[in-house]
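Here is a short tour to read alongside the sequence and the 3D view. Have both open, and let us walk through a few features together.

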Amino acid sequence: MLTAAEPVQEIAELRALLAERETELAAARAELTAAALRIEQYKAQLAKLRRMQFGRSSEKLDAQIEQLELLLEDLEEGDAARAAPSATREPDPAGRERRQPVRRPLPDHLPREEIVHHAGSVCPGCGGTHFAKLGEDVTEVLEKIPARLKVIRHIRPKLSCRSCERILQAPAPDLPIEKGRPGPGLIAGVVVGKYLDGLPLYRQSAILLREGIEIERATLADWVGHVAWWVAPLAELIGAQVMAAPVLHTDDTPIAVLAPGNGKTRTGRLWTYVVDERPWQGGRTSAAYYRFSPDRKGERPRDHLAGFCGTIQADAFAGYEALARSAASGRGPPRLIHAACWAHARRKFYDVFESTKSPIAEEALKRIGELYTIEAEIAGHPADARLAVRQARAVPILDALHGWLVGQRRRLSSKNALARAIQYALSRWEALMRYTRDGRLAIDNNVAERALRGIAITRKNFLFLGSEAGGERAAILYTVLESAKLNGLDPEAYLADVIDRMARGHPINRLAELLPWNWQRQADRMAA
């Protein structure tokens, strides 16, 4: 039998427990609010870095963006992993409602599997069994079917003629690697994994082992070498198409190469030459041509561009400038013209402003920003329209900027970092102005920098190339894969089809059919 004091004591214990839970709830809400604030701060910082793509060295900027994205992933995973203290989310500390990810409809091209959840055959209220359908609710869930390896058995029955005893048998299938086991899809996956996804071969070997397939790294390396051999003529054809263009974007990036004998590495270079006429509605298809060199001597781009006639858009590398001076010193019009990059000029002022907050550097950034605003408005317009707008709007800004820079330069010591930034622009002013005289040119060389960005990121994973021959193979494969990407293709599917058709005897005199832009059009015709 309960006494009168027992209910009172029980109520007091419940109140104490409720107060404890409310304290825990308040602490959890405060933790979620602080986490939400950190996430929004990092997102703002990430957005700022992305807006400043042309403000710093792209490789340093890529590293910062990658670190911030990883940090955001970790914070957001932790935010989602916490048990929500209530059904409603706390508001943003700044008074704004936290923006939720936009749920976009799932693509129509994905296969659908329907699971019908029946409501039952008997009404729980009255026991009735006759129903009228009012409609239905559909919930779509995106699911992944893990990739699985399979074995394709090529069976060739051997027959004997009863009349003449002649033995009949179908010929052995043509495979990318003679007497080898990998199919074109598997080989393409290994190549794309290494060069585009940054998965070294030893990691891919470990991934395959999880599937119960033991393939040594040396075997995978042999596959990569075979693919490079197959597509080398295609890469040469892409290079010929690129070098025939009137305007090229070019840049280079360092890559470590193992030095033979001593086990140490030295620095080689991967160069890219890119054609992208989409910003001015040009008729050429986009393509990227890569070359490897063991060093960065000026003779390397000279050899690469030996057959080129037109304008190169590049940074201030002395090799390019010497090449342009040499081309201009002969009789007649110069064979090669160098158009400088405003992103590099702007980068000098940006670095000074970041370190000193100089108002002069800030003013230079603002004026250069006006030039980029004009370029954003005319992106995708025909070349003649771009030229007219630049002459009417950009040239007056540039003339005023030049006079202002000359005046500021006179006031500064030559040892000053800001003076060096100004001198960088003034000493290359003619090359920096060239984009205003040709609507086909871009204001900067970011096209080439984007073509090297994947290499700059993935090289951290495979550390170094094993030899100069490995550098040549990398250049061949990057040429084919990056050109496929520029033409909107799935590089893995494209590469698998190309090496399969080559192994089956695709005629060398019809090699142009396998170029990324032609292969895409052929695929469209087949689909139609």
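## The cavity

The largest cavity has a volume of about 40 Å³. A cavity here is a set of points, on a 1 Å grid over the protein atoms alone, where a 1.4 Å probe fits but cannot get out; grid points are joined across faces, edges and corners, and the volume is the space filled by probe spheres set on the points. The structure holds one cavity of 30 Å³ or more.

Which residues line the largest cavity? Its lining consists of Val247, His249, Val274, Asp276, Glu277, Trp280 and Arg440, where a lining residue has an atom within 4 Å of a point. By class, the lining has three nonpolar residues, one polar and three charged. In this grouping Ala, Val, Leu, Ile, Met, Phe, Trp, Tyr, Cys and Pro count as nonpolar, Asp, Glu, Lys and Arg as charged, and the others, Gly among them, as polar.

## About the model and the chain

This is a predicted model, in which local features need pLDDT of at least 70 and side-chain atom pairs count only at pLDDT 80 or more, while totals for chains, interfaces and linings use all residues. Residues are numbered from 1 along each chain as its sequence is written, and side-chain values use heavy atoms, with hydrogens and water left out.

The chain has 16 helices and seven strands, taken as DSSP runs numbered from the N terminus (helices H or I, at least four residues; strands E, at least two). Of its 528 residues, 39% count as buried; buried means under 20% relative accessible area, exposed over 50%, and partly exposed in between (1.4 Å probe, protein chains only). The accessible surface comes to about 31,800 Å², and 54% of that belongs to carbon and sulfur atoms; areas come from the Shrake-Rupley method with a 1.4 Å probe, and for residues only the protein chains shown count as cover. Among contacts (heavy atoms within 4.5 Å) between residues at least 6 apart in sequence, 67% join residues at least 24 apart.

## Salt bridges

Side chains of opposite charge can pair when their charged atoms come close. With a salt bridge taken as a side-chain nitrogen of Lys or Arg within 4 Å of a carboxyl oxygen of Asp or Glu, the count comes to 21. One of them joins Asp252 and Arg296, at 2.9 Å from N to O. Asp252 sits in strand 3 (residues 247-258) and Arg296 in the loop between strand 5 (287-293) and helix 6 (299-304), so this pair ties together parts that are 44 residues apart in sequence. Asp252 is buried because its relative accessible area is 7%, whereas Arg296, at 33%, is partly exposed.

Lys366 is partly exposed at 44%, and Glu363 is partly exposed at 24%. Another salt bridge links Glu513 with Arg510 at 2.9 Å, N to O. Elsewhere, salt bridges that share partners join Glu363, Lys366, Arg367 and Glu370 into one network.

Is Ser205 buried or exposed? With 16% relative accessibility, Ser205 counts as buried, and its place is in helix 4 (residues 201-210). Leaving aside residues up to four places away in sequence, Ser205 touches Ile215, Glu216, Arg217 and Leu220. Ser205 and Ile215 are ten residues apart in sequence, with their C-alpha atoms 5.9 Å apart.

Gln408 belongs to helix 10 (residues 383-411) and is buried, its relative accessible area being 11%. With residues up to four places away again left out, Gln408 touches Ile360 and Ile422.

## Positive phi angles

Most residues other than glycine have a negative phi. Which value does phi of Glu165 take? It is near 65°, a positive value in a residue other than glycine. Glu165 is in the loop between strand 1 (159-160) and strand 2 (167-168), and at 64% relative accessibility Glu165 counts as exposed.

Lys357 also has a positive phi, near 55°. Lys357 is found in the loop between helix 8 (342-356) and helix 9.

Terms used. 1 Å grid on protein atoms, 1.4 Å probe; cavity = no way out; pocket = protein on both sides within 12 Å on 5 of 7 lines; lining within 4 Å.
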